[in-house]
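Let's take a friendly tour of a protein model, one region at a time. Have the sequence and the 3D view ready as you read.

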Amino acid sequence: MAALSGLASALESYRGRDRLLRTLAYCSQLVGGVLVEQGPARADVGARLLAVSSQLSGCRTILRLFDDVAMFVYTKQYGLGAEEEDILVRCVSVLGNLADQLYYPCEHIAWAADAKILHVDAARWWVLSTAFWGLSLLLGIVRSLWVVLKLRQQLRSPAAAVTSQRPRSTRGAVEARIQSELMTLLSNLADLANAVHWLPPGFLWAGRFPPWLVGLLGTISSLLSVFQAARASGWADKAAS
């Protein structure tokens, strides 16, 4: 009952619903892709699951039509990252915010072109939006790697942590943050692999992934995101109690 209540609570938020849709879409693509490759006997079921995956992905694309304002507010509030003490984290975060901000309108135009609302080349705008997404993921990977490196240095040098301008943290809190950054790193790596796959053929491994592999990478990324959200919610509940 508690699990059902937690699920209902998560689905009340936009982010919670998006995580569920994303997970279901990639899981459907994973299972559907596997079934299609097992032969004609299971190909029909596999094709139906791939169709479900496509529809869920389309649903997420439409819901993202309303994300620009929230992203703009976040980017404006973050600004040039004056509150960040590390210059690399600041620069990477600012560039990542810019890439995210540019990603949304490109995707909107691509969607509108596919829907015959705008008479432009949809493929070009899909490539552009994917490129901005991939850039954002790459910057996120760089940020996570750097943060993990700095945190591990902090664990190895307690004296440095004491003299730091940041508030002193317990060893457990630092280790928990390292784990969180590592999960973000793995999630971004899985998504980046898919982002490259969706770029025009000829660039690295673009266009070479079978549907099941795209589904597997997306499922890994989605489950990591769900786990992080659940853990963060658990910590928030403990802090409130």
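## What covers helix α3

In this predicted model, the cover over the buried residues of α3 includes α2 (14-37), α5 (87-114) and α6 (122-156). Which residues of α3 are buried? They are G46, S53, L56, R60 and T61.

## The largest nonpolar core

Now look for V89, V147, V148, L151, L155, V174 and I178: these 7 residues make up the largest nonpolar core. Both α6 and α8 (171-197) supply at least two residues of this core, and the largest share, 4 residues, comes from α6. As background, nonpolar side chains in soluble globular proteins tend to be buried together.

## How α6 and α8 pack

How do these two helices run relative to each other? The axes of α6 and α8 are 8 Å apart, and the helices pack at an angle of about 155 degrees. Angles over 145 degrees count as roughly antiparallel, so α6 and α8 are roughly antiparallel to each other. The crossing in which α6 passes α8 is left-handed.

Find K116 in the loop between α5 and α6. K116 is not a glycine, yet its phi is positive, at about 65 degrees. Is K116 buried or exposed? With a relative accessible area of 66%, K116 is exposed.

L204 sits in the loop between α8 and α9 (211-240). L204 is not a glycine either, and has a positive phi of about 50 degrees.

Conventions:
Residues are numbered from 1 along each chain as its sequence is written. This is a predicted model: local features need pLDDT of at least 70, side-chain atom pairs count only at pLDDT 80 or more; totals for chains, interfaces and linings use all residues. Side-chain values use heavy atoms; hydrogens and water are left out. Buried means under 20% relative accessible area, exposed over 50%, partly exposed in between (1.4 Å probe, protein chains only). Contact means heavy atoms within 4.5 Å. A nonpolar core is a set of buried Ala, Val, Leu, Ile, Met, Phe, Trp, Tyr and Cys residues joined through side-chain atoms within 4.5 Å. Axes are lines fitted to C-alpha atoms, for helices over the stretch in contact, and angles run from 0 to 180 degrees between N-to-C directions. Angles under 35 degrees count as roughly parallel, over 145 as roughly antiparallel, 65 to 115 as roughly perpendicular and the rest as oblique. A crossing is left-handed if the near helix is turned anticlockwise from the far one by less than a right angle, and right-handed if clockwise.
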